[in-house]
Number of protein chains: 2
Amino acid sequence: MIFFSKKMKIVLLGTGNVAHHLAHRFQAVGLSLAQLYGRNLEKLTFLANALQCPFTNNPQALQLDADLYILAVSDGAIEILLQEIEINAKGAFHKALFVHTSGTIPSTVFAPFAKHYGVFYPLQTFSIGKQPDWSNLPMCVDANTDQQLIVLEYLARQLSPNVHRITDAQRATLHVAAVFVNNFTNHLFHIGQTIVENEGISFDLLKPLIQETAAKIQHNSPQTMQTGPAKRGDTVTIEKHKTFLKKYPFYNKLYDLMTKNINDKKNHLFALKK
Amino acid sequence: MIFFSKKMKIVLLGTGNVAHHLAHRFQAVGLSLAQLYGRNLEKLTFLANALQCPFTNNPQALQLDADLYILAVSDGAIEILLQEIEINAKGAFHKALFVHTSGTIPSTVFAPFAKHYGVFYPLQTFSIGKQPDWSNLPMCVDANTDQQLIVLEYLARQLSPNVHRITDAQRATLHVAAVFVNNFTNHLFHIGQTIVENEGISFDLLKPLIQETAAKIQHNSPQTMQTGPAKRGDTVTIEKHKTFLKKYPFYNKLYDLMTKNINDKKNHLFALKK
């Protein structure tokens, strides 16, 4: 069992977007990494050099005496990496806390390997070259014991004031919703871009609208913010749009589906009742 | 024919969200309204009092000697209002410039009524109680003569530095795209909210992600910013999500359609080729 301290030994596994931003945030708040692990040697040396921390690309060469091992790797790599580390063969690991940063993988993936485990999930989209806003970044934590959950809460609060206890089931729900509001929303932006650029119009004209659409729901319910021809039942405009969209079969289909649903009270009530 | 001056006489018709924010912006940049017209007497007196400007709810009582008449009313009301004003019966109107603020109605709606006409379309979503960011708000202008177009450009530049000449056809395209990136995006936010709140989770947890999704495409192409299980072809996660979504038939259908399209190169190429 471990306790939170500013001097706790943390090993970070991963060199992707999440690992990159977590590592830099740890350093920014005065928590240094004891070791960085990565499979991709180029990314690994680049990040380790930036952080000035020890590193390895050999899962067998991990430091054995760290307090916390954070697996910030892709979903599919978590279990494989746990097997490679050969935790069970090394008793030294048994007091350590193991966590991953995934939105979808249950915390119980650790059960066959570790005694203390949990989740350390930053609910945000990260890209290299764009600083996330840590002042409000939701950190979702979970652990298999209350004591270790408290440790993770303390640690998460070093990174962001916005910390939540989220169970595996809740995290799975959040992840589905995140696909709608992040991945699918971004695809709508792509569609908007395609439509205007095909007619020689710059996508830049739509960017302030996109920013305002996201800004509006920060303090208002999306339901009350809904506008547009579908909401108004403006069939004249809807027909104009559908004529325009004839050359885009998929966009046309999506337009129908959205338009049908936006004002479908029954569907909405159904959704709310489950 | 009219010319731009800071003292030009402007009559604004409408008391909805667009009229409200346009009126306040005119006042803020030192352009006072000669008269405000509205059908809804309560909204009309409220806005006219805030602006301290003359007002009427009688379309026959409009000032006849204004330079510019801006119809900031709903799409369906534009033509009706033009008939009510009885422009043709009043020769005085013939030197004035008539514009509307609609994203969908062709400028030629004015042709039977006015000699000089155009469009003054702010490409943004407005709500009462939320200040729009005028420092970057795209103002789309058009007119039936080059001379009057220049007047509208000058006027628009008083409100925002982001002014564009946009034809009727281009505006129709922008409006379709705006439905995707604004109305449909907002509906995705509503779906995200429904999904999490039905499981007792606060929608607040998704808000930073929503803000970042919009922020990312301000300086990057949506195509390069696309992430998620559909983009990765992560069928394990997609199957988990579809199991979860069984209780939401519409969301499930939408999930399928989006997932199928996000990585469908053929569909994308088709869209780009038209």
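Analyst: Let's begin with a word that comes back throughout: a contact means heavy atoms within 4.5 Å. You are looking at a predicted model, where local features need pLDDT of at least 70, side-chain atom pairs count only at pLDDT 80 or more, and totals for chains, interfaces and linings use all residues, while side-chain values use heavy atoms, with hydrogens and water left out. Residues are numbered from 1 along each chain as its sequence is written, with chains lettered from A and ligands numbered from 1 in the order in which they are written.

Here is one of the partners, for orientation. Chain A has 11 helices and 8 strands; these are DSSP runs, with helices being H or I of at least four residues and strands being E of at least two, numbered from the N terminus. The C-alpha atoms of chain A fill a box of roughly 70 × 45 × 30 Å along the principal axes. Of its 274 residues, 59% count as buried, where buried means under 20% relative accessible area, exposed means over 50%, and partly exposed lies in between (1.4 Å probe, protein chains only). Among the contacts in chain A between residues at least 6 apart in sequence, 58% join residues at least 24 apart.

Now to the interface. Chain B gives 91 residues to the contact, and chain A gives 92 residues. The size of an interface is often given as the accessible area lost when the parts come together. Here the two chains bury about 9200 Å² between them, and 68% of that is on carbon and sulfur atoms. On the side of chain B, the residues that lose the most area to chain A are B:Phe180, B:Val181 and B:Leu205, together 8% of what that side buries. Buried area is the accessible area (1.4 Å probe) that two parts lose on being put together, summed over both.

The rule finds 2 salt bridges between chain B and chain A, a salt bridge being a side-chain nitrogen of Lys or Arg within 4 Å of a carboxyl oxygen of Asp or Glu. B:Glu212 and A:Lys130 meet in a salt bridge at 3.3 Å, N to O. The elements giving two or more residues to the chain B side are α5 (168-197), α6 (207-216), α7 (222-225), α9 (235-244), α10 (249-262) and α11 (265-273) of chain B. The largest share, 25 residues, comes from α5(B). By class, that side holds 47 nonpolar, 33 polar and 11 charged residues. In this scheme Ala, Val, Leu, Ile, Met, Phe, Trp, Tyr, Cys and Pro count as nonpolar, Asp, Glu, Lys and Arg as charged, and the others, Gly among them, as polar.

Let's zoom in on single residues. The largest nonpolar core has 78 residues, and A:Phe180 and B:Phe180 touch the most other members. Such a core is a set of buried Ala, Val, Leu, Ile, Met, Phe, Trp, Tyr and Cys residues joined through side-chain atoms within 4.5 Å. Leaving aside neighbours within four places in sequence, the contacts of A:Phe180 include B:Leu188, B:Ile191, B:Ile195 and B:Tyr255.

A:Leu188 sits in helix α5 (residues 168-197) of chain A and is buried, with a relative accessible area of 0%. Not counting residues up to four places away in sequence, A:Leu188 touches partners including A:Met258, B:Phe180, B:Val181, B:Leu188 and B:Met258.

B:Lys242 belongs to helix α9 of chain B. At 18% relative accessibility, B:Lys242 counts as buried. Beyond residues up to four places away in sequence, B:Lys242 touches B:Asn252, B:Tyr255 and B:Asp256.

Finally, salt bridges also form within a chain. A:Glu199 and A:Lys247 meet in one at 3.0 Å, N to O. This pair links distant parts of the chain, 48 residues apart: A:Glu199 is in the loop between α5 and α6, and A:Lys247 is in the loop between α9 and α10 of chain A. In chain B, B:Glu199 and B:Lys247 form a salt bridge at 2.9 Å, N to O.
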